[in-house]
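Below is a short report on one chain and its fold. The sequence and the coordinates come first, and the text follows.

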Amino acid sequence: MTRLLSRLLPSLLAAATLLSAEKPKPKPGEPVSGEGSDPRVAIQAKAYYDRDQVKTLLGMDPGESIVVVEVTFTPAQGEEINLNLDDFLLRSDRDGQKSRPLEPTQIAGTAVMVVKSQGGTQGTGMSQQRRVPYGVPGIPGGGGPMGQSLPMPNETPNAGTATADTSSAVASIEDRNVKKNPLLDLLKARVLTDGEIKKPVTGLLYFQMEGKLRPKDLELVYRKAPPRVSVRFVPVKKK
C-alpha cells in the first residue's frame, strides 16, 4: 500500500497544482473578450480598455478614459430587433462606475457653447461672452469649473454668489469653422449600427470610464432583453 501511494503521490500533486492554477491574466494593453445570449439575441464583445490598445485599434488617439467595445449583435433566426445603443451599459465592479455609449460628437465634436451675459447690476457687462467646448464626455452641456454643468441653451445658470445679480445669461450652440475632423469621421464610420436589425451587425461602442480598469471587473449589459444579457470578459486567446 505504501509503495502504491508513493507512486501515485506525484500524479496527485500535479493534478492539484493544475486545478489550483489561476486563469491566465491579460497583459497590459491586450483586449479581452466575452459573449452572452438569450433566446432572442447573441452578443459577442471585445473590450479595449487600455489607451495604447484603443489607439492601435482606431489608428488615432481619442483621448483619455475612453473604453472601446467591439460588438457583434446577432438576432435569433426570424427575429427583428429595434437596436438602440442606449440599451447598452458598461459597468465596473471595482468602483461602481457606469457608462452609457457616447456619441462620436461627444468625443470629437466641433461645437462650442457660447454663453452671453446681458445687462444687470452685477457680474459681466452687456454683450460679454465666453466660449466653452460643448459635448465633453460625461458632462451634459460641456461642464464648467469644479465639475459644475454649464447651462443648456435658453437656460439661466445658478450663480451661487452672495451678492444679488440681475443680469441674465443666454447660451447657444455654434459650430466651429473646421473643414475636416478625421477622428470624428472615423468614430462615426465605425460605430455600431442601430435601428431595425434582422441580420448580424458589428461595430464599436465608445464609453468613458475613469481610473485604472481591471478586465475581470468589467461587465457589458444589454438591458433591453428580458432577462438582461450580460457579457463578462476574459483574455483573448492568441492563434
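Leaving aside its neighbours within four places in sequence, which residues is Ser99 in contact with? They are Leu89, Leu90, Phe207, Gln208 and Met209, where contact means heavy atoms within 4.5 Å. This is a predicted model, in which local features need pLDDT of at least 70 and side-chain atom pairs count only at pLDDT 80 or more, while totals for chains, interfaces and linings use all residues. Residues are numbered from 1 along each chain as its sequence is written, and side-chain values use heavy atoms, with hydrogens and water left out.

Ser99 sits in strand β6. Helices (H or I, at least four residues) and strands (E, at least two) are DSSP runs, numbered from the N terminus. The relative accessible area of Ser99 is 7%, so Ser99 is buried. Buried means under 20% relative accessible area, exposed over 50%, and partly exposed in between (1.4 Å probe, protein chains only). A polar atom of the Ser99 side chain lies 3.2 Å from the backbone nitrogen of Gln208; a polar contact is a pair of N or O atoms within 3.5 Å, and within protein one must be able to donate a hydrogen and the other to accept it, with residues adjacent in sequence counted only if both atoms are side-chain atoms.

Strand β6 belongs to an open sheet of 4 strands, in the order β6-β5-β12-β13 and with antiparallel pairing. Its edge strands are β6 (98–99) and β13 (229–232), each of which pairs on one side only. Two strands pair if DSSP finds at least two bridges between them.

**Strand pairings**

| Strands | Sense | Bridges |
|---|---|---|
| β12 (residues 218–222) and β13 | antiparallel | 4 bridges |
| β2 (residues 41–48) and β3 | antiparallel | 8 bridges |
| β3 and β11 (residues 201–208) | antiparallel | 8 bridges |

Glu219 has Arg232 in β13 as its bridge partner. For Val41, the partner in β3 is Pro75, and for Val67, the partner in β11 is Phe207. Strand β3 (residues 66–75) has 7 of its 10 residues buried, so it is largely enclosed by the rest of the structure.

The buried residues of helix α2 (residues 51–58) are Val54, Leu57 and Leu58. They cover an arc of only 85° around the axis, which puts them on the same side of α2; the arc is that of the directions from the helix axis to the C-beta atoms. On the other side of α2, Asp52 and Thr56 are exposed. The buried residues of α2 pack against β2, β3, α4 (182–190) and β11.

At the start of α2, the backbone nitrogen of Asp52 has a side-chain oxygen of Asp50 within 3.0 Å. Gly59 follows α2 and has a positive phi, near 80°. Most residues other than glycine have a negative phi. Ser65 also has a positive phi, near 65°, and is a residue other than glycine. Ser65 lies in the loop between α2 and β3 and counts as partly exposed, at 23% relative accessibility.

**Aromatic pairs and nonpolar cores**

The whole structure holds 3 aromatic pairs. Rings of Phe, Tyr and Trp (its six-membered ring) pair if their centres lie within 6.5 Å; planes under 30 degrees apart count as stacked, over 60 as edge-to-face and the rest as tilted. The ring centres of Phe73 and Tyr222 are 5.3 Å apart and their planes are at 70°, so this pair is edge-to-face. Phe73 in strand β3 and Tyr222 in strand β12 are 149 residues apart, so the pair links distant parts of the chain. Phe88 and Tyr222 form a tilted pair, with 5.1 Å centre to centre and 45° between the planes. This pair also links distant parts of the chain, as Phe88 is in strand β5 (residues 88–92) and lies 134 residues from Tyr222 in strand β12. Ring pairs link Phe73, Phe88 and Tyr222 into a cluster. Phe73 and Tyr222 are both buried, and Phe88 is buried as well.

The largest nonpolar core has 28 residues, and those with the most contacts inside it are Val71, Phe73, Phe88, Leu220 and Tyr222. A nonpolar core is a set of buried Ala, Val, Leu, Ile, Met, Phe, Trp, Tyr and Cys residues joined through side-chain atoms within 4.5 Å. At least two residues of this core come from each of β2, β3, β4 (81–83), β5, β11, β12 and β13. Not counting residues up to four places away in sequence, Phe73 touches residues including Val41, Ile43, Leu83, Phe88, Val201 and Tyr222. A second, separate core of 15 residues includes Val68, Ala108, Leu183 and Leu187.
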